[in-house]
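User: I would like to learn how to read cores, salt bridges and surface patches in a model. Can we work through one?

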Amino acid sequence: MREQAAAGPGGGQGADGAAVVLRVAGEADLDVAAELFRGYLDFYEVKVEDPAGPRAFLAERIAKDESLVLLAEVPGVGTVGFAQVYRAFSSLTLSTAWILNDLYVAPAGRRTGAGRALLRDVVRRAREAGVAGVQLETAYDNLVAQGLYESEGFVREEFHVYFHDLG
């Protein structure tokens, strides 16, 4: 059974004034979720060798309950956005934390409130789950996303982020 709900207060309005509808992605949503995921990968200029790779990746995450995948639908436009959250642990707070690893809205869904609705739903679900906090990162030049995150209470941290690419 798929969970479905309209976005909360201010969560977003579709092009025709209807609320953005959010749902947890399941197996039946893999094709549309994978299409959005490919758009996300394209946005970040990630070269995907296997065209079936994004769908397979999401299918495995969903089947193993390794991530929470949310979809945003705008009435009259379609399913336009997705978010993927991973559960993690925070040693500094001795509790769980969530990593909002992916948030993407297709061009047709931008300026509809879909991104804000997804972000608010992640925070709401994290709060209800008793999570210590939600962490995310975005490109240094993605000023639109940064503005959204900051307007929703996310604070840029001063920690240095390092990454060692093993690929």
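Analyst: We take the features in turn; note that this model is predicted.

User: Which residues have the most contacts inside the largest nonpolar core?

Analyst: In soluble globular proteins, nonpolar side chains tend to be buried together. Here the largest such core has 24 residues, and Val-20, Trp-98, Ala-114, Leu-118, Val-122 and Tyr-149 have the most contacts inside it. Strands β3, β4 and β5 and helices α3 and α4 each supply at least two residues of this core. Helix α3 gives the most, with six.

User: What is Val-122 in contact with, leaving aside its neighbours within four places in sequence?

Analyst: Val-122 touches Leu-70, Ala-83, Val-85, Trp-98, Leu-100 and Val-134. Another core, of 13 residues, lies apart from the largest one; Ala-25, Leu-30, Leu-41 and Tyr-104 are among its members.

User: How many salt bridges does the structure hold?

Analyst: Side chains of opposite charge can pair when their charged atoms come close. This structure holds 14 salt bridges. In one of them, Glu-152 meets Arg-116 at 2.4 Å, N to O. That pair links distant parts of the chain, 36 residues apart: Glu-152 follows α4, while Arg-116 is in helix α3.

User: Is the Asp-29 and Arg-23 pair buried or exposed?

Analyst: Both residues are buried; their closest N and O atoms are 3.2 Å apart.

User: Why does Glu-60 count as partly exposed, while its partner Arg-61 is buried?

Analyst: Glu-60 counts as partly exposed because its relative accessibility is 35%. Arg-61 is buried because its relative accessible area is 11%, and buried means under 20%.

User: Which residues form the nonpolar patch on the surface?

Analyst: Phe-43, Tyr-44, Val-46 and Val-48 do, with about 310 Å² of accessible area together. Tyr-44 sits in the loop between α1 and α2.

Methods
Residues are numbered from 1 along each chain as its sequence is written. This is a predicted model: local features need pLDDT of at least 70, side-chain atom pairs count only at pLDDT 80 or more; totals for chains, interfaces and linings use all residues. Side-chain values use heavy atoms; hydrogens and water are left out. Patches are made of residues with over 30% relative accessible area and no salt bridge: like charges are joined within 9 Å, nonpolar side chains (Val, Leu, Ile, Met, Phe, Trp, Tyr) within 5 Å. Accessible areas come from the Shrake-Rupley method with a 1.4 Å probe; for residues, only the protein chains shown count as cover. A salt bridge is a side-chain nitrogen of Lys or Arg within 4 Å of a carboxyl oxygen of Asp or Glu. Helices (H or I, at least four residues) and strands (E, at least two) are DSSP runs, numbered from the N terminus. A nonpolar core is a set of buried Ala, Val, Leu, Ile, Met, Phe, Trp, Tyr and Cys residues joined through side-chain atoms within 4.5 Å. Buried means under 20% relative accessible area, exposed over 50%, partly exposed in between (1.4 Å probe, protein chains only). Contact means heavy atoms within 4.5 Å.
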